[in-house]
Amino acid sequence: MLTRRLGIVGGTFDPVHMGHMDLADAAHGALGLTGMVLVTSNVPPHRPQPVTSAYHRFAMVAFAVQERPDWRAADLELRYDAPSFTSRTLGRFHDRGFQPIELFFVIGADAFFEIESWRDYPNILEAAHFVVISRPGAPVREVAERLPHLSSRTVTRPLDVLSSQIPLIILIDVPTADVSSTAIRDRRAAGESIAGLVLPRVQQHIEQHGLYTSMTPGRRASDAQHTSPASRLHGQE
């Protein structure tokens, strides 16, 4: 029987951009994942609150994964008003029958450097493999320097994961797009193009709805009609 190997990328996705997609692509290719789920957070515990509504953020993720048949957008965090802690998200996948070694939580090295401040650390490292990927200015080689006490569970060869019965920290050093959601919002506010920073369908949605301009709605009346962000744009998670 084929072992499930599910990749998970979580984020506010305000908006989802090519850096997010590069992280997911790198993990998917290097580890031969059988699926990839992008989980849009509702209330981020470590970041400012989202600029756009949950509906728009989920919609952009749904468009981003549309042409990848084994990828999907997940709204499981958007169903709860509580903060979207990663430990809670992974627990919900466990509740659905996934074992920790079947889950691959994909994260940029810049975010992983702060792992000690996360809720349920260090126990969270037992909940899934953590796939740490280089980001501009944050190469994975610095993980050993910043978090030396984690070196015993860190691997650099994806093949080492196949025989492991415990969750590992997998380092992948590949280039990823030098872009951030903040930079995209700033460019939109300044009237500059965001072509190439997001996928074309995401760009179309942003422009069609006037997102991240001075006219950006907090939550438009038309958005409030959608009881679930997933109900019209993608299948329920």
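Visitor: Which residues of H2 are buried?

Guide: Buried means under 20% relative accessible area, exposed over 50%, partly exposed in between (1.4 Å probe, protein chains only). In H2 the buried residues are Ala54, Tyr55, His56, Arg57, Phe58, Ala59, Met60, Val61, Ala62 and Ala64. That is ten of the eleven residues in helix H2 (residues 54-64). Helices (H or I, at least four residues) and strands (E, at least two) are DSSP runs, numbered from the N terminus.

Visitor: How should I take the numbering and the model?

Guide: Residues count from 1 along each chain as its sequence is written. The model is predicted: local features need pLDDT of at least 70, side-chain atom pairs count only at pLDDT 80 or more, totals for chains, interfaces and linings use all residues, and side-chain values use heavy atoms, without hydrogens and water.

Visitor: What covers the buried residues of H2?

Guide: The cover includes helix H1 (18-31), strand S2 (35-40), strand S3 (71-74) and helix H7 (200-208).

Visitor: Where does Glu77 lie, and which side chain does its own side chain meet in a polar contact?

Guide: A polar contact is a pair of N or O atoms within 3.5 Å; within protein, one must be able to donate a hydrogen and the other to accept it, and residues adjacent in sequence count only if both atoms are side-chain atoms. Glu77 sits in the loop between S3 and H3. Its side chain pairs with that of Thr89 in a polar contact (2.5 Å). Glu77 is buried, at 1% relative accessible area.

Visitor: Is Glu102 buried or exposed?

Guide: Glu102 is buried, at 14%. C-alpha to C-alpha, Glu102 and Leu6 are 6.1 Å apart in space, yet 96 residues apart in sequence.

Key:
Contact means heavy atoms within 4.5 Å.
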